[in-house]
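The model is a predicted one.

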Amino acid sequence: MKKTPWWQHFPRTSSLFPKEQGGRDFPDPTLAPGTWVRLRGKPEKPRRVLRAEWHRYHWQFVYIVETSGYFDAYWFAEQLVLVKEPASASPALSLSPSVG
């Protein structure tokens with residue numbers, strides 16, 4: 001069976017029209033800031049969720065996770081796998097406030 005490239009684990013639905021976050025739209029509580037996750041399709045490195053933001057064109061929350069880059073990379077809940085805190089975890093983490 002052919003393995004799907006990690007960058008193709010995105011939701012397949014989107015809209016041409018933006019939608020603001022509504023009163024019934026909430027981030028997944030299991031992906032709260034500080035939660036340890038791995039990227040589906042690229043699981044070799046555990047990462048922490050930093051914050052959740054509303055994606056206006058996919059009409060769902062995206063999760064900003066730790067990366068080695070100098071920008072905020074976002075991922076959809078379907079792309080993240082919950083993991084236990086690794087033994088080599090660094091204790092310091094600055095969690096940014098939620099935007100949405």
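## Aspartate 25

The side chain of aspartate 25 makes a polar contact with the backbone nitrogen of glycine 22, at 2.7 Å. In the chain, aspartate 25 sits in the segment that precedes β1, the strand spanning 36–39.

Aspartate 25 has a relative accessible area of 16%. The cut-off for buried is under 20%, so aspartate 25 counts as buried. Leaving aside residues up to four places away in sequence, aspartate 25 is in contact with Lys19, Glu20, Trp54 and Phe61.

## Trp54 and Phe61

Two of the residues touched by aspartate 25, Trp54 and Phe61, also form a ring pair with each other. A pair of aromatic rings is described by the distance of the centres and the angle of the planes.

The count of aromatic pairs comes to two. In the pair of tryptophan 54 and phenylalanine 61, the ring centres are 5.2 Å apart and the planes lie at 75°. Planes over 60 degrees apart count as edge-to-face, so this pair is edge-to-face. Tryptophan 54 and phenylalanine 61 are both buried.

## Tyr74 and Phe76

Tyrosine 74 and phenylalanine 76 also pair, with ring centres 5.9 Å apart. Their planes stand at 90°, so this pair is edge-to-face as well.

How accessible are the two partners, tyrosine 74 and phenylalanine 76? Tyrosine 74 has 37% relative accessibility and therefore counts as partly exposed. Phenylalanine 76, at 1% relative accessibility, counts as buried.

Note on methods
Residues numbered from 1 in each chain as written. Predicted model: local features only at pLDDT ≥ 70, side-chain atom pairs only at ≥ 80, totals over all residues. Heavy atoms only, no water. Helix = DSSP H or I, 4+ residues; strand = E, 2+ residues; numbered from the N terminus. Buried < 20%, exposed > 50% of the residue type's maximum accessible area, 1.4 Å probe, protein only. Polar contact = N/O pair within 3.5 Å; in protein donor to acceptor, adjacent residues only side chain to side chain. Contact = heavy atoms within 4.5 Å. Phe/Tyr/Trp six-rings, centres within 6.5 Å; stacked < 30°, edge-to-face > 60°.
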